[in-house]
Amino acid sequence: MTKSTLLTSRRGLLKGGAAGLVGLVAAPAVFSRRAHAADATLTVTSWGGDYNKMVREVFTEPFTAETGIPVTLVDNGDMAKVKAQVQSKAVQWDVIDAPAAFATSGARDKLWEPLDLSIIKPGPLVQGPAEDYMPLYLYSGGLVWDTKRSPDGKHPVDFAGFYDIKRFPGRRVMRSLASETLEVALIADGVAPKDLYPLDVERAFRALDRIKPHVTKWAATTPDQVNAIVQGEGDFSYSYFNRVKSAQKAGAALDFSFEQTVNSLDYFAVPKGTKNKEAAMRFIGFCLRPDRQVAWATRGYYLPNSVAAMDEVKASPAAQYLPDLTNGKNVIVDSQWWSENYTTVQKRYAEWMLT
């Protein structure tokens, strides 16, 4: 496995709706035990599998123990359903775990409540919040393979290799989401990472057309991307390192390449019209506390958004498994571009998969 170095001081690099370092914000929120217990359960969307297990252990269970506010996780990141809930004034989900394209497109469609920083009290952040969505951590996507079926030299380590069927024959697993998938396609087609945006959508779909006959599974969820390789449904997939690491711990013969990655912020947002707005803001503040951010980063191999947590993670063993954002082969997702184009591009991508 290629080891990477940790991001040390690249503030302001991540694009789209964030305003840089927030250094003069009050100290992290500290809740009195069982204070402000909610009348109703908070419902938080999540992404399934081991990710949910970590969310429960690092965030929701300690939050409930400290505040008395119960939290239910829902495995659903469907933005169309969020929009329907908001527009019908029947909001069922209180906090949305939103990748960049979701957060920014939701903001464009005015689906989120303004953040109440007097409740959240986030402390100094690497990347500051937008008006209505809060960066929580940065995650990295790259290539994964089975080391028994594809030993060294028999698998791709970058996106051009993933698209090179002659050099690396085998079955491909691809995401059912357009965001990040188009970036991978364009880089594989020869576009330099620094020149990606604005994305050339037509060129991306031409590249996708070339690899489509070799795709044996379209992964609807992030656990599906890894499970497809473990279960022999495909040979090479794009996925996320934390998912691979969890599978490795469970005994799977998988490896992940940091040679080339797509990196994006993950955000929390609160749907407009929730009846649990204050509790939702408290939950976001709790998740940004340095102790929670350290636990999340070291267990899930993410870059934390808390400055204090970043300093601690840099000195931990997890540092060797985090992306080097100074590597010119790596990609930083432009969430502003996706905020303006996500709905149209995702619709086209969904239709393309079915043709």
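Accessible areas here come from the Shrake-Rupley method with a 1.4 Å probe, and for residues only the protein chains shown count as cover. The accessible surface of the protein comes to about 14500 Å², of which 51% belongs to carbon and sulfur atoms.

This is a predicted model, in which local features need pLDDT of at least 70 and side-chain atom pairs count only at pLDDT 80 or more, while totals for chains, interfaces and linings use all residues. Residues are numbered from 1 along each chain as its sequence is written, and side-chain values use heavy atoms, with hydrogens and water left out.

**Whole chain**

Start with everything displayed as a cartoon. The secondary structure comes to 13 helices and 11 strands; helices (H or I, at least four residues) and strands (E, at least two) are DSSP runs, numbered from the N terminus. Of the 355 residues, 59% count as buried, where buried means under 20% relative accessible area, exposed over 50%, and partly exposed in between (1.4 Å probe, protein chains only). Contact means heavy atoms within 4.5 Å. Among contacts between residues at least 6 apart in sequence, 77% join residues at least 24 apart.

Select residues 172-175, which form strand 5. Arg 172 and Met 174 point one way from the strand, Val 173 and Arg 175 point the other way, and all are buried. Two strands pair if DSSP finds at least two bridges between them. Val 173 stands opposite Lys 217 in strand 6, and its bridge partner in strand 7 is Ser 237.

Follow the chain out of strand 5 to Glu 180, in the loop between strand 5 and helix 6. Phi of Glu 180 is near 75 degrees, a positive value in a residue other than glycine. Glu 180 is buried, with a relative accessible area of 4%.

**Lys 110**

Now select Lys 110, in the loop between helix 3 (100-108) and helix 4 (117-120). Lys 110 also has a positive phi, of about 60 degrees, although it is not a glycine. Is Lys 110 buried or exposed? Lys 110 counts as exposed because its relative accessible area is 59%.

**Strand 3 and strand 9**

Go to strand 3 (residues 96-99). Ile 96 and Ala 98 point one way and Asp 97 and Pro 99 the other way, and all are buried. Show strand 9 (residues 262-269) as well: 4 bridges join it to strand 3, and the two strands run antiparallel. Ile 96 stands opposite Ala 269 in strand 9.

Select Tyr 197 and Pro 198. The peptide bond from Tyr 197 to Pro 198 is cis, with omega near 0 degrees. Pro 198 sits in the loop between helix 6 (181-188) and helix 7.

Next display helix 7 (residues 201-211) and helix 13 (residues 335-354). Two packed helices are described by the angle between their axes and the distance between the axes. Here the axes come within 12 Å and cross at roughly 30 degrees; axes are lines fitted to C-alpha atoms, for helices over the stretch in contact, and angles run from 0 to 180 degrees between N-to-C directions. The crossing is right-handed, meaning that the near helix is turned clockwise from the far one by less than a right angle. On the helix 7 side, the contact is made by Val 201, Glu 202, Phe 205, Leu 208 and Asp 209, and on the helix 13 side by Trp 337, Val 345, Arg 348, Tyr 349 and Trp 352. By class, this contact has 7 nonpolar, no polar and 3 charged residues. Ala, Val, Leu, Ile, Met, Phe, Trp, Tyr, Cys and Pro count as nonpolar, Asp, Glu, Lys and Arg as charged, and the others, Gly among them, as polar.

**Helix 8**

Move to helix 8 (residues 222-230), where Thr 222, Pro 223, Gln 225, Val 226, Ala 228 and Ile 229 are buried. Asn 227 is found in helix 8 and is partly exposed, with a relative accessible area of 32%. The C-alpha atoms of Asn 227 and Arg 243 are 16 residues apart along the chain and separated by 9.4 Å. Helix 8 is followed by Gly 232, whose phi is positive, near 80 degrees.

**Gly 300**

Finish at Gly 300, in helix 11 (residues 290-300). Gly 300 counts as buried, at 2% relative accessibility. Not counting residues up to four places away in sequence, Gly 300 touches Met 54 and Asn 242. Ala 318 is 18 residues from Gly 300 in sequence and 8.8 Å away in space, C-alpha to C-alpha.
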